[in-house]
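Have a look at the model first.

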Amino acid sequence: MNNKILANRDLAVLWHPCTQMKDHENLPMIPIKTGRGVWLEDFDGKRYLDAVSSWWVNLFGHANPIINAALKEQLDTLEHVIFAGFTHETGIKLAEKLVDITPAGLNRCFYADNGSAAVEVALKMSFHYWRNGGQTQKTKFITLENSYHGETLGALAVGNVALYKETYAPLLMDVITVPGPDCYFREVGETWAEYSTRRFTLMEQALQQHAGTVCAVIIEPLVQCAGSMRMYDPVYLKLLRQACDKYGVHLIADEIAVGFGRTGTLFACEQASISPDFLCLSKGLTGGYLPLSAVLTTDNIYQAFYADYTQLTAFLHSHSYTGNALACRAALATIGIFQQDNVINKNQRLIAKLAEVAVRFHDHPNVAEVRQTGMILAIELVKNKATREPFAWQERRGLKVYQYALAQGVLLRPLGNVIYFMPPYVITEAELELLAEVAWHGIQYALKG
Ligand code: PMP
């Protein structure tokens, strides 16, 4: 078996996510045979450093021996059982752990099976909470410009990345979209905190104007990942928490991408010392092994649904694979690694190294900004550094970086013209240097065309 044979078989029957399939007339599909640590190996024996953690899910490497062992044991005990009327010890233990490690007050855990589903759950729960309390006029959601919360219709509606959303606009519920705190747009000399604070006035205005009809504000704390890894200061979260309390609106923190250490702390909300009303988790939750998501919420919200059956206030949302035992076991093993290996502290060295390898990009004539929050580093490629004029999207410069890096054995997957590193935490300092070196030459290659 080799790459070519498998790629042809694939292209005959498969349809891949987030892909114009016609691109594969020129761009080879890469069949992966094995994964070990940060490395993937294809069927021709070529290796690739997984610098994007396989879509931001992998934390402790592919084929991690601890997670593998836990899963093998779980497999011989219980793979899955209906989660309504039935439960299992692994699911209970994971919920106890999540309640324990997430910000204070989040005492209830509802499982779903992917990030978008978690967002749907949080939106529905928030709406339903107000309805159960007789506040039927609360039907709307506030979201930020450039946000991303998933691809199902509810999640897409509260997102704001035109590329994914525009086509489906006629199918989507109306939302209130507020200009965001994205610090790429701060004035020269203005700090992230100053800009984020200044931009919050627009959110305050929206809340003041619409609070009576709004269920919740939904945000990605600190980094808008799919929105080109744009970043902002924790002060925005602090102000938002205060304003949501003041105006009687829920706060939904979508930490699906940024949770589990990506921003430097276990959860991004910790950097603002806040607790949201709903915390959505997925991706890194299982260490990148199996689909699972969780929505953590408060006793207060749980109690608003708790009544005699005939009151018809129950949350009847369900997914067949809710609380899948294998996925829960992978998550428990993943959280175990965080605790046993003191990962958040140890990552500080990698965070510093990431900043160090990125220094060379700051003065590059086609780099408008190098930004970093914890373990996420992004390099914004532009046509003109002084005016920040972007390259025309049709030129697909980022795709050229992708192709160059692949040839060099590195999996980078730029978002448009933004090159970013979001590696598993088992990456070495030497491998971070390799990433930067390949990205540097990839940019040179992309600029030629
Ligand atoms: N929210 C955020 C912030 C995300 O980054 C993503 C996925 N990129 C999602 C939600 C959706 O998760 P999933 O792809 O598992 O549906």
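Q: How many salt bridges does the rule find across the interface of domain 1 and domain 2?
A: Keep in mind that this is a predicted model, where local features need pLDDT of at least 70, side-chain atom pairs count only at pLDDT 80 or more, and totals for chains, interfaces and linings use all residues. Side-chain values use heavy atoms, without hydrogens or water, and residues are numbered from 1 along each chain as its sequence is written. A salt bridge here is a side-chain nitrogen of Lys or Arg within 4 Å of a carboxyl oxygen of Asp or Glu. Across the interface of domain 1 and domain 2, that rule gives two.

Q: Which residue forms a salt bridge with arginine 230?
A: The closest N and O atoms of this pair are 3.0 Å apart. The partner of arginine 230 is glutamate 380.

Q: How much area do domain 1 and domain 2 bury between them?
A: The bounds, from an automatic or database domain assignment, are 31–63 + 342–448 for domain 1 and 68–340 for domain 2. Carbon and sulfur atoms carry 60% of it, and the total is about 2600 Å².

Q: How far apart are the centres of domain 1 and domain 2?
A: The centres are taken over C-alpha atoms. On that basis, the separation is 27 Å.

Notes. Buried area is the accessible area (1.4 Å probe) that two parts lose on being put together, summed over both.
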